[in-house]
Amino acid sequence: MVSARGIRVVLSGKEILDGVDLAVAPGEFVGLIGANGAGKTTLLRVLLGVLKPSAGTVSRPRRGGAVSGIGYLPQKVALDPDAPLRARDVVALGADGGRLGPPLRSATLRRRVEETLQAVGASQFADQRIGELSGGQQQRVLLAHALISEPALLLLDEPLANLDPGSAHDIVLLLDELRRRRNVAIVMTAHDMNVLLPVMDRIVYLAAGHAVTGPPDQVVRTETLTRLYGRPVRVLRAEGRVMVLADDEAPQLPEAAHHRQPFDEPADRVGT
Ligand SMILES: Nc1ncnc2c1ncn2[C@@H]1O[C@H](COP(=O)(O)OP(=O)(O)OP(=O)(O)O)[C@@H](O)[C@H]1O
């Protein structure tokens, strides 16, 4: 679906990624996990093709001989609260982005918009102005915008940011259902891997410019992440949640829940 080999990215003379490999199969759910500044957005932009790596190769889904079929939801979407756009208009705007050939006829477009709004559970607020919607409702609309061109691959940059835990859980379940129903592959970044643990097939854990990839229970282990970070970390599991702490912080667990960890905004915050 998409594969990247030996990705190295240098920005303003600083090495951000080095030797990152990744391959995503159709219908697979991949979580791209890492602390602030670990390089998650950078890697997504490389996969999308808007950032050329300093070294390495990427192959992307093809449709009719041309590279196409990627839906992208950026981390920051500036939605003008006063824009005279209804949710359904925002979805329709995504319709022709990834397609080849003539634009969709209006009846076909209307039907597709309806179906996509329904798929993401946004039909009931389809006629409201986008600026009037809550964060979670907007996120559903933006997902529909990314989905309407029927991409084979969805690249989602922090789609759960600013959502309450209930809404985040709903969006994750929705994505899981979509990838099963449509066989769309999903690569999604997140700080807190916990919400993704029930659905992720694979994790790409980024730290110190490098990545480890594999099933979550193999990647999220003390010895694996200690090697990746290049310093001692401890993986703790409690009440079905996983936490990654600097080794010397681990015994002070209850306190650590309220303080920043040595890893600036660690990938998996305690108690979040
Ligand atoms: N255009 C740029 N020029 C120089 N450095 C950059 C540029 N874009 C990003 N960086 C740096 O690259 C590193 C990785 O940034 P990136 O946005 O990929 O991280 P991230 O894992 O997505 O972080 P976050 O979780 O905070 O969104 C950061 O140190 C950032 O400052």
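Which residues point one way from strand E3, and which the other way? Phe 29, Gly 31 and Ile 33 take one side of E3, while Val 30, Leu 32 and Gly 34 take the other, and all are buried. This is a predicted model, where local features need pLDDT of at least 70, side-chain atom pairs count only at pLDDT 80 or more, and totals for chains, interfaces and linings use all residues. Residues are numbered from 1 along each chain as its sequence is written.

**View 1. Strand E3 is buried along residues 29-34.** Buried means that 20 or more other C-beta atoms, placed from the backbone, lie within 10 Å of the residue's own. Strands (E, at least two residues) and helices (H or I, at least four) are DSSP runs, numbered from the N terminus. Six of the six residues of E3 are buried, so the strand is largely enclosed by the rest of the structure. In a regular strand the side chains alternate between the two faces of the sheet.

**View 2. E3 pairs with strand E9 and with strand E10.** Strands pair if DSSP finds at least two bridges between them. Five bridges link E3 to E9 (residues 185-190), in the parallel sense. Here Phe 29 has Ile 186 as its bridge partner. E10 (residues 202-207) also runs parallel to E3, joined by five bridges. Arg 202 of E10 stands opposite Val 30.

**View 3. Strands E1 and E2 form a hairpin.** E1 (residues 2-11) and E2 (residues 14-24) are antiparallel, with seven bridges. Leu 11 stands opposite Lys 14. Two residues lie between the strands, and Ser 12 in the turn has a positive phi of about 50°.

Technical notes: A residue is buried if 20 or more other C-beta atoms lie within 10 Å of its own, exposed if 12 or fewer, and partly exposed in between; C-beta atoms are placed from the backbone.
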